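Subject: Structure handover

Hello,

Here is the structure for your files. Please open it alongside this email, as my notes follow below.

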Amino acid sequence: MANIGLDIHTWELKMRKLDNIDWHYTPAAKTNILETFRKVGFEPPSESKWFQEKWARYRNAMAINEQKSN
């Protein structure tokens, strides 16, 4: 086996899905990446309260600068 950076145990875990007849293959075109990422705990920045507050402060600062320059 070529060395691809995986030890034997990790390789066996990754290959186990191919041996499982109950595993359902889903073509890439039918996957929802955002849904998959959310399953592992990802929160999109557009929905994060912290990011929304950060950009609200930035927009406010830009508006203040525009008013000062006029």
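**The nonpolar patch**

I33, L34, F37, V40 and F42 make a nonpolar surface patch of about 490 Å². Patch members have over 30% relative accessible area and no salt bridge; nonpolar side chains (Val, Leu, Ile, Met, Phe, Trp, Tyr) are joined within 5 Å, like charges within 9 Å. Areas come from the Shrake-Rupley method with a 1.4 Å probe, and for residues only the protein chains shown count as cover.

**Before you read on**

This is a predicted model: local features need pLDDT of at least 70, side-chain atom pairs count only at pLDDT 80 or more, and totals for chains, interfaces and linings use all residues. Residues are numbered from 1 along each chain as its sequence is written, and side-chain values use heavy atoms, with hydrogens and water left out.

**Overall picture**

The chain has 3 helices and 0 strands. Along the sequence the pattern reads α-α-α. Helices (H or I, at least four residues) and strands (E, at least two) are DSSP runs, numbered from the N terminus.

The mean pLDDT (the predictor's confidence in each residue, from 0 to 100) is 76 for the chain, and 66% of the residues score at least 70.

Of the 70 residues, 3% count as buried. Buried means under 20% relative accessible area, exposed over 50%, and partly exposed in between (1.4 Å probe, protein chains only). The accessible surface of the chain is about 6,900 Å², and carbon and sulfur atoms hold 57% of that.

**F42 and the aromatic pairs**

Where does F42 lie? It sits in the loop between α2 (33–39) and α3 (49–69). F42 is partly exposed, because its relative accessible area is 39%. Setting aside neighbours within four places in sequence, F42 is in contact (heavy atoms within 4.5 Å) with L34 and F37. Both of these contacts, L34 and F37, also belong to the nonpolar patch.

Rings of Phe, Tyr and Trp (its six-membered ring) pair if their centres lie within 6.5 Å; planes under 30 degrees apart count as stacked, over 60 as edge-to-face and the rest as tilted. The count by this rule is 3 aromatic pairs. One of them joins F37 and F42, edge-to-face, at 5.7 Å centre to centre with 70° between the planes. F37 is at 42% relative accessibility, so F37 counts as partly exposed.

Another pair is W50 with F51. Their ring centres are 4.8 Å apart and their planes stand at 85°, so this pair is edge-to-face too. W50 is exposed, with a relative accessible area of 52%. F51 is partly exposed at 29%.

**The salt bridge**

Side chains of opposite charge can pair when their charged atoms come close. The structure holds 1 salt bridge (a side-chain nitrogen of Lys or Arg within 4 Å of a carboxyl oxygen of Asp or Glu). Which residues form the salt bridge? R38 pairs with E47, and the closest N and O atoms are 2.6 Å apart. R38 is partly exposed at 38% relative accessibility. E47 is partly exposed as well, at 44%.

**P44**

P44 is in the loop between α2 and α3. Is P44 buried or exposed? P44 is buried, because its relative accessible area is 9%. Leaving out neighbours within four places in sequence, P44 is in contact with L34 and R38. P44 and L34 are 10 residues apart in sequence, and 8.2 Å apart in space, C-alpha to C-alpha.

Best wishes
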